[in-house]
Amino acid sequence: MIPLSFAQRSLWLTGQLEGRSATYNIPLALRLTGVLDRAALEAALRDLAERHESLRTVIGRHEGEPCQLVLDADDVGELLTDVTPTAADARGGTAPAVLLGECAAYEFDLTAQAPLRVWLCGTGPDEHLLVLVVHHVAADGWSMGILLRDLGQAYAARRQGRAPEWEALPVQYADYTLWQRELLGDEGDPHSLAARQLAFWRDRLAGLPEEPALPTDLPRPPVASRRGGTVPLELGPELHGRLTGVAHELGASLFMVVRAGLVALLSRLGAGDDITLGTPAAGRTDDALSDLVGCFVNTLVLRADTSGDPTFTDLVERVRDADLAAFAHQDIPFERLVEALNPTRSPSRHPLFQVMLAFHKFTDIVPRLPDLRAELLPLGSPAAHFDLSFDLTERHDADGRAAGITGILCHATDLYTPDTARRIADRLVRLLTAAADDPRRPVTALDILAPAERALLLAEGHGTHGPAARPDTVTGLFAARVAQRPDATALVFGDTELTYRDLDTLSGRLARLLRARGAGPERLVAVAMDRSADLVVTLLAVLRTGAGYVPLAPGTPLARIRLVLDDTRAALLLTDGSAELPPDITVPVLDVTADHDATAHRDERGPHRTPPPAPVHPDSTLYVMYTSGSTGRPKGVVTPHAAVAAFAAHRPWLRDGAPDSVLFHANHAFDASTYEVWATLAHGGRVVIAPPGPLNGAAVAEHIARHGLTRLHATAGLFRVWAEEEPEVFRGLREVTTGGDVVSAAGVRAVLRACPDTVVTAAYGPTETTAFSTLSTFTGDTDRVPNTVPIGRPMDGMRTYVLDHRLALVPPGVVGELYVAGTGLARGYLHRPGPTAELFVADPYASAYGAGGERMYRTGDLARRLPDGQLEFVGRVDDQAKVRGFRVELGEVEAALLGHPDVARTVAAVKEDGSGDKHLIGYVVPERGGRPEPAPDGAPEPVDTEAILRHARTVLPDHAVPSAIVPLRTLPLTANGKLDRAALPHPGPAAAVPGGRAPRSRREHALCALFAEILGLPEVTIDDDFFALGGHSLLATRLVSRARAELGIDLDMADLYAAQTVEALARELPGTGGRPRPPVRAPRHRPDRLPVSFAQQRLWFLGELSGRSATYNIPLTVRLTGAVDVAALAAALRDVVERHESLRTVIGQAGGEPFQRVLDMTEVGEPLTVVESAPQQLPHTAATHEFDLAAEPPLRAWLTATGPGEHLLVLVVHHIAADGWSMGPLARDLGRAYAARCEGRG
């Protein structure tokens, strides 16, 4: 029994997994011109198979193991097939390219069929196409030259009527297989070649990245299709010669220089500084193998380090040293290396590396055939075994001079478009050209952008309209609106309405008082007030004194109020009597509502003339808003009038003509209030002020209907809750904007479906650039909403750049740091020249816009520019995070936790729960408190986590207080000693109150169940505090929505904040107020025909109108790792369908009216289909399944194997039976049912 070689075994295993395919075919096509002797060609092919045993070897089995079976030459069968069309043949019109493609796609049966096939097609008088296809199990790229050479010699001999006179081959491929195993030896012997080389590679490849972070046009599919495309790549003779000179100077090969260039390019394109490439090694390490056809090629994994910003010369030297070491250890087969290293396997990518570089010297392999001229033909796109594969050939002229490097870049069409592949190839040429010009330049300074690309990036990086000709002030814009529309409504708060004249009068009167108390130009006035009309009057009055305001949110910790007042050196602190203030402050405090209610005299029309506003310059401070600080000290962002005035002048907001009505519900210490208040008043619109406290969806809908709101802003988290729970609340709005964090694509789609006349705009912008800097707008068509919502394009007057660490523009698609410039820039940080100079830097591109000398702001956000010019947010370069729309510096949180005496070390992190909500978690290593021994069993020291949280609340704003404290014995570290954030554990469920009471009434039962579901807990008692268990404002919003929709309780946010336990809430809500909603309960007797719900009726009507479609499918794809019990899974799915009637309900009709018909389980059929082939297409196929709602249960599931111990499970539910929230209970119940079935029970 002859075993398979390591390479053959790998190919055989792939075939067992995927079935017969053409993926590993090696095709080759020749155009033959002249007189062809067909009999001589047939005989020559048989000679070829007789000479090379590999061409007549099939794969058999011996005692269950695969082995090589060498067929006798007489048993091979016909190798040549003549496909020349006859006059009557329907194939007569088949184009040669089509024929070549069909031949190349031939699928070998490796267990019974010789791995060589040849086709001959006459294409004209004395013209033929000859196509040879060899399976990779029998040959490699080097073998094709040998094969054609021997074919030419055999054909020449057969034309002369004789057999070819070859020198006998010293060995055959089977001999090599046995020799290879003997050479490597026993891996268990530490002195064997295999053991020594494996030790080298284990060390060399330790900690290897699983895949490069290169930008792609398409998301990586769960299973690679291996479809490939090619683009040409060429380095001219002159560049070829200069690169050869660099190689000689550095004692390297040309391959090493080109590899260094490719490594530098990949690093520049976002792959990081640990770059891994594959390269083929011929594997013919013995002279006896040089003339043999067979699969000898081995693949080497070449790793390179680009850290430290090396010069190109330095990088070549690093690559040279690494390559020499790798080639000295090339005997261990790649397949064995993969088995030994055991990287994370995925059917979506090649293991260990995803970019290949093959580099050859040109060899003329065209066979010499008597009376025939042979010409190699290019074939169609090869299979893509890698994401990117560079196949380059070095050429020289007759005198040995450099004649250029030519080749192709093969790209996986799953990931890249031809245009992107072409740009990558062009950038490699451009980078190598720059390196040849000056190899001592840092690789990050080598140019990879074409001039046209650079111009396009700068063009896409600025707003549609430039800045106004002259900077303005907010007070000036407001005065202009007063003059134009004095009797128009400016503010609405409850039953109070103020016109622009009223607002002008009242703010002017208060401004006089404030000036008398010390407010004036370039002074700061702190404002600690609840949201009201008084608040807007007060803010405007401060501005009219020439001062800037410093907003302090309700509930701000006393320590933070004291810090802000000290930092701003505030001239005044204005309140409405509602704020708790530190007892020891020295700043004068004025209650603006005490004896001079700002709205009490709104109708006064006396002869008294309001004094004009104090002179305000566009550069004067409008407000100072405090953001989280990485050192533990918050930073005050100084925003001038000009920035807010320019922000308000964004032309699309003025396009509709009619003044807007905008809801002011943001915290006034949050820069979204700039949009809600100042942009609205600057346009002459109406500010509708929400009452203090958070809003629920019902309140929003009521404001829209009552006040005719046209625009509304919601933080990304709040928008997601409303959009996914009750998207119809936005109905009637012209536009809803959302931002401050990653925007939910599902939420955007839900709002567009529910409110087709509403525009949804995703906004992005740090406080330092005035509220919003970029906008991405969506209307109507939900199919145009990508899965990752972009942050859009710059607003008018703004500029954005995506730059590398040298402040150079990065190519489209490449991740870089986002910088923002333009009219919205803040002045900097109050009294913080260091951070101001660090983050507000000179704009090197300003002169391109005629704005020389301006600054740009370093956001710290990572972004990429998409092909359509929009920006996409990727992440952060530092430890800053967004929690419920608020910017949180994790360093500030950590500093606060360290202030507690029981905390020795700490780290703060943001973790997502199963529903996508973000939670700020504090991890603490407790002080040992003088105890000599650590806690037993590896447990952390005992610590009072509630005491730590209470301390945090005294120094941090609410949004920066961790939702949980997790004690750790030690902080997890990576191999190089850095904090391993990925290893920080998810916090377990918060502990319920010890001895908490069980629910006693139907309402308490319902509320406990709802609390538990929203918080993700197994159960909740009536004494458990919603917020102590991890609840926050977004989860509270979801709770209120669900309570109204499912329990019929007219609950609002104020109720929940006032009564935070089930017991208190049930007591405070004895009824539902007005007409109580009846609770959902099963009726004693159902009608014979169950009516459809309103939502079902709409979906049924749409189906009747447009026919069956997949538009309203809800797909869920799950990758399963480990053994899958298919029978248990099928039974579990039936259990879920039996539990939830909606999953076995079809829609019948009677008299033209739809009704629900719940199927008996005997009518349901099998919901699970096991798919044996084409796993890569399954997610798309499943998602596009078209349900027959009249006859078919609205749930289908598909399961397919994608690899050993790997499966994909795809569930698709029609929206008529489920919604987004339902997918959680469905997945939960399926998991429980599967676990039960695996244990042999129901």
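Biologist: Is Glu453 buried or exposed?
Modeller: This is a predicted model, so the value is computed from predicted coordinates. Glu453 has 15% relative accessibility. The cut-off for burial is under 20%, so Glu453 counts as buried.

Biologist: Which residue forms a salt bridge with Glu453?
Modeller: Side chains of opposite charge can pair when their charged atoms come close. For Glu453, the closest N and O atoms of the pair are 2.2 Å apart. The partner is Arg427.

Biologist: Which helices do Glu453 and Arg427 tie together?
Modeller: The two residues are 26 apart in sequence. Arg427 is buried, at 4% relative accessibility. Glu453 lies in residues 451–460 and Arg427 in another helix, so the pair ties together helix H12 and helix H11.

Biologist: How far apart in sequence are the parts that Arg242 and Asp437 tie together?
Modeller: Arg242 forms a salt bridge with Asp437, with the closest N and O atoms 2.4 Å apart. Arg242 lies in helix H7 and Asp437 in helix H11, so the pair ties together parts at a sequence distance of 195 residues.

Biologist: Is Asp437 buried or exposed?
Modeller: Arg242 is partly exposed, at 26% relative accessibility. Asp437 has a relative accessible area of 54%. The cut-off is over 50%, so Asp437 is exposed.

Biologist: What is the charge of the surface patch where Glu50, Asp72, Asp74 and Asp75 gather?
Modeller: Asp75 lies in the loop between strand S4 and strand S5. Asp and Glu count as negative. The charge of the patch is therefore negative.

Biologist: Is the pair of Tyr106 and Trp119 edge-to-face or stacked?
Modeller: The ring centres of Tyr106 and Trp119 are 5.5 Å apart. Their planes meet at 65°. Planes over 60 degrees apart count as edge-to-face, so the pair is edge-to-face.

Terms used:
Residues numbered from 1 in each chain as written. Predicted model: local features only at pLDDT ≥ 70, side-chain atom pairs only at ≥ 80, totals over all residues. Heavy atoms only, no water. Salt bridge = Lys/Arg side-chain N within 4 Å of Asp/Glu carboxyl O. Helix = DSSP H or I, 4+ residues; strand = E, 2+ residues; numbered from the N terminus. Buried < 20%, exposed > 50% of the residue type's maximum accessible area, 1.4 Å probe, protein only. Patch = residues over 30% accessible without salt bridge, like charges linked within 9 Å, V, L, I, M, F, W, Y side chains within 5 Å. Areas by Shrake-Rupley, 256 points an atom, 1.4 Å probe, with all protein chains shown as cover. Charge placed at Lys NZ, Arg CZ, Asp CG, Glu CD. Phe/Tyr/Trp six-rings, centres within 6.5 Å; stacked < 30°, edge-to-face > 60°.
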